[in-house]
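Please examine the structure shown below. The questions and answers that follow treat it step by step.

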Amino acid sequence: LGTIITPDYDLRYNLPKSIICKIPIIGEIWKLIWWPYCNILKHRSVISHSFLLSTILRMLYISLWIAVPLYLVIGNDIFYINVSKEYLFLLAFTWCLQDTTHLVLDKKWGFK
């Protein structure tokens, strides 16, 4: 997941380097999805590069891009989609772990 959704999506030049961006059409849509995030947040701001807060923000951001179109297509039936709590916890935990590793390595090597 860290290679697809990274804390560095607040950098314009990072969007095309993402693995998913190399897939035709899907890559262009992916860049469009993250373009507002990139333009609103400053790189390494407290919001984009902080423990838990930035991960939760990106989770909510991408969830809206998934939930709203699903709601428009299937309506209220979206509330009946059953995703296991264990899966969601594992997804959130590994995403937080990846982001934390990113932040620690940024500080250790002084990346800017």
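Q: Is aspartate 99 buried or exposed?
A: A residue is called buried under 20% relative accessible area, exposed over 50%, and partly exposed in between, with a 1.4 Å probe and protein chains only. The relative accessibility of aspartate 99 is 1% in this predicted model. Because this value lies under the 20% limit, aspartate 99 counts as buried.

Q: Which side chain meets that of aspartate 99 in a salt bridge?
A: Side chains of opposite charge can pair when their charged atoms come close. A salt bridge requires a side-chain nitrogen of Lys or Arg within 4 Å of a carboxyl oxygen of Asp or Glu. Here the N to O distance is 2.2 Å, and the partner of aspartate 99 is arginine 58.

Q: Which helices does this pair link?
A: Helices are DSSP runs of H or I with at least four residues, numbered from the N terminus. Arginine 58, itself buried at a relative accessible area of 0%, stands 41 residues apart from aspartate 99. The pair thus links distant parts of the chain, namely helix α2 (residues 53-74) and helix α3 (residues 85-109).

Q: What percentage of the residues of the protein count as buried?
A: The model is predicted: local features need pLDDT of at least 70 and side-chain atom pairs 80 or more, while totals for chains, interfaces and linings use all residues. Residues are numbered from 1 along each chain as its sequence is written, and side-chain values use heavy atoms, without hydrogens and water. The protein has 112 residues, and the buried share is 32%.

Terms used. Helices (H or I, at least four residues) and strands (E, at least two) are DSSP runs, numbered from the N terminus.
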